[in-house]
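Subject: Handover of a structure and notes on its contents

Dear colleague,

Please find below the structure that I am handing over to you.

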Amino acid sequence: MLPQGKKARLQQWRQRNRSRSMFKVALVVLIVWATSICAQEVRTITSYLSFSCAQIFTRRHVLGASGVLASWIFAAPAFPANPDPGPLTSSTSLKLNPVGSRGLRIGDFREGKGAVAQDGNTVRIQWSGRLFSKQGWTYGRCSEDCELRFKIGDGSTIEGLDEGIRGMQEGGLRRLMIPSAMAYQEGKELQPLPEDEGMKRRLYNTVFNTVRRDVNGEDTVGTIVLDISLKRVRS
């Protein structure tokens, strides 16, 4: 038998241990509950932030698209001589001047010093083409060992090229912004065209898509930006 004093102290020690154990259990339950609440709040906040960021990105993307396209169109190309688009990294601006009343605009990166391209001349060019409506997607190019040969005014090319090359001097490098009405026409095989059939189909599927329109209702689906380097002019 334990003495009365020791027995009382043992009971007190057991009560303190039970109280501590209960406190620990309660603390663990509280921590688990708080963690679950915090996790739910974090998920809610994360979801809200993701949605908000998506909204901000969408608005910025839509509102900034025209500015990006404009800066791309008026920027100087990365290529110094041959029309190989690549990344347009130069900050030099290019002024595009209207030609006629149908929306054609042209600008010279470099003026040539040779013969002037005129109606009836046979010319040889190198080129690269991009679609305005697809944020500058390059649909075709003819550079380095490739040259496109045609006679000005013979109707074998898109109207914008036939019109835009006139007055250009041999050795020059020019950019043409060609509206849909002066670009590719359904049912006609007009140059310049990509050699790859898959790229040609993709080009046609885009420029002849009558459903696509920009926010103002204006038809820019077939608008192209064409860079040309005039290599030869022959009478």
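The notes below describe what was found, topic by topic.

The model is predicted, so please keep its limits in mind: local features need pLDDT of at least 70, side-chain atom pairs count only at pLDDT 80 or more, and totals for chains, interfaces and linings use all residues. Residues are numbered from 1 along each chain as its sequence is written, and side-chain values use heavy atoms, with hydrogens and water left out.

Aromatic pairs

A pair of aromatic rings is described by the distance of the centres and the angle of the planes. The structure holds 3 aromatic pairs. Rings of Phe, Tyr and Trp (its six-membered ring) pair if their centres lie within 6.5 Å; planes under 30 degrees apart count as stacked, over 60 as edge-to-face and the rest as tilted. Tyr139 and Tyr184 form an edge-to-face pair, with 5.9 Å from centre to centre and 85° between the planes. This pair links distant parts of the chain, 45 residues apart: Tyr139 belongs to strand β4 (residues 137–142), while Tyr184 is in the loop between β6 (173–178) and α3 (197–207). Helices (H or I, at least four residues) and strands (E, at least two) are DSSP runs, numbered from the N terminus.

Tyr139 counts as buried because its relative accessibility is 0%, and Tyr184 is buried at 5%. Buried means under 20% relative accessible area, exposed over 50%, and partly exposed in between (1.4 Å probe, protein chains only). Another pair is formed by Tyr204 and Phe208, whose ring centres are 5.2 Å apart and whose planes are at 25°, so this pair is stacked. Trp127, Tyr139 and Tyr184 form one aromatic cluster.

Nonpolar cores

In soluble globular proteins, nonpolar side chains tend to be buried together. A nonpolar core is a set of buried Ala, Val, Leu, Ile, Met, Phe, Trp, Tyr and Cys residues joined through side-chain atoms within 4.5 Å. The largest nonpolar core has 32 residues, and those with the most contacts inside it include Tyr139, Tyr184 and Ile228. Among the elements that give two or more residues to this core are β2 (104–110), β3 (122–131) and β7 (224–234). The largest share of the core, 5 residues, comes from β7. Apart from this core lies another, of 5 residues, among them Leu94 and Met177.

Strands and a loop

Strand β1 (residues 97–99) and β2 pair in the antiparallel sense over 3 bridges; two strands pair if DSSP finds at least two bridges between them. β1 and β2 form a hairpin with 4 residues between them, and Gly100 in the turn has a positive phi of about 75°. β2 and β6 also pair in the antiparallel sense, over 5 bridges, and Asp108 stands opposite Arg174 in β6.

Ala117 is in the loop between β2 and β3 and is buried, with a relative accessible area of 1%. Ala117 and Arg234 are 117 residues apart in sequence, yet 8.3 Å apart in space, C-alpha to C-alpha.

The disulfide

The structure holds 1 disulfide, defined as a pair of cysteine sulfur atoms within 2.5 Å. This disulfide joins Cys142 to Cys146, with 1.9 Å from S to S. The torsion about the S-S bond of Cys142 and Cys146 is about -100°, so the disulfide is left-handed. Cys142 is buried at 4% relative accessibility, whereas Cys146 is partly exposed at 24%.

Yours sincerely
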